[in-house]
Amino acid sequence: MNSIGLGIHGTGMAADHHAYALAKSSKFSLVAVSDDKVASSRDYARRHHVDKYYGDLEYLLSDGSVDIVIVASPTPYHSSIFPYIASTGRSVIMETPLASSLEEARKIVKTAEKEGIFLFPVSQMPSEPLMKYVYSLIKGGTLGRIEEYTLSWSFSSPVKRWMSNWGEKEKCSERGLFLESASPAFDLVSFLFDKERVTWCKEIERGVEVSFGKGRLSIEDGGSGFSFFIRGERGEIEGKNGKLISVKIDREDGKRFDTETIKSPYSPLPGWYDDVYSALESGVWSEEKYKLPLKSLEFILETGKYFG
């Protein structure tokens, strides 16, 4: 069986991780790359052994060996280039975040449905074994009623700089940058806590902090990782840098025990991208083309209802 050819538009950090993941795939192969700067495209092709490179998206879309397009260009350009790609009938793997505003995200989804193409956003945190385990403790009642939770999502690229570059200078309580740029983190709150209502949002020294019901989510500059602490009436669970640190549950005899149930790490980079292509290889690809299979996208489109 011939591999499915992918072309990638954009050559930033995320594009590198797509290339590393695709190098391990038996079903997909990276056959072409384009970037508005042909020198960047040429350098990317050299580093990742891609046969063809272009200085314009139009040339990439004219390449008959490209079956699927990965959009890894800066987020503000997603909404303008997506209709152009969709009009060719190609399916799209869209780098997170989907768009730089809720309205633009809606337009992208409507275009995908209209053209009948498969749109696959990268964010997949709820599919991680660790997150499924945390979810089971919450939804199964093991922790009892949730009394407090804190989640932190940190970026290696400065959040403040993104805010300036994207022209999102409004207060963080208004919908905009932090809904879209941190969609994986908002997605996780949705997954774990049933879309709890956002009650307030404030700027902190290195980013923002958002309140969801009895919990807080911080989105910060510096580093790259995810950590959490969840406390319920019958126990608590803690994770840091993608690893489960401890689970403390009250036993029936009133005593508390500690355990490390899951030791497999959650690593957004680059393991996250391996999961993207593993998911597609394992059958998601065979679903109807217009379906949008990931919870993160659903949450992006619905979150406006939950803002105070």
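Residues are termed buried under 20% relative accessible area, exposed over 50%, and partly exposed in between (1.4 Å probe, protein chains only). The model is predicted, so that local features need pLDDT of at least 70 and side-chain atom pairs count only at pLDDT 80 or more, whereas totals for chains, interfaces and linings use all residues. Residues are numbered from 1 along each chain as its sequence is written, and side-chain values use heavy atoms, with hydrogens and water left out.

The structure holds 11 salt bridges, a salt bridge being a side-chain nitrogen of Lys or Arg within 4 Å of a carboxyl oxygen of Asp or Glu. In one of them, R47 pairs with D16, with the closest N and O atoms 2.9 Å apart. Because R47 lies in helix α2 (residues 38-48) and D16 in helix α1, this pair ties together parts that are 31 residues apart in sequence; helices (H or I, at least four residues) and strands (E, at least two) are DSSP runs, numbered from the N terminus. D16 is buried at 15% relative accessibility, while R47 is partly exposed at 33%.

A further salt bridge joins the side chains of K52 and D63 (3.0 Å, N to O). K52 lies in strand β3 (residues 52-54) and D63 in the loop between α3 (57-61) and β4 (68-71), so the pair ties together parts 11 residues apart in sequence. K52 is partly exposed, at 29% relative accessibility, whereas D63 is buried, at 8%.

E148 and R231 also form a salt bridge, their closest N and O atoms being 3.1 Å apart, and both belong to a salt-bridge network that includes R145 and E233.
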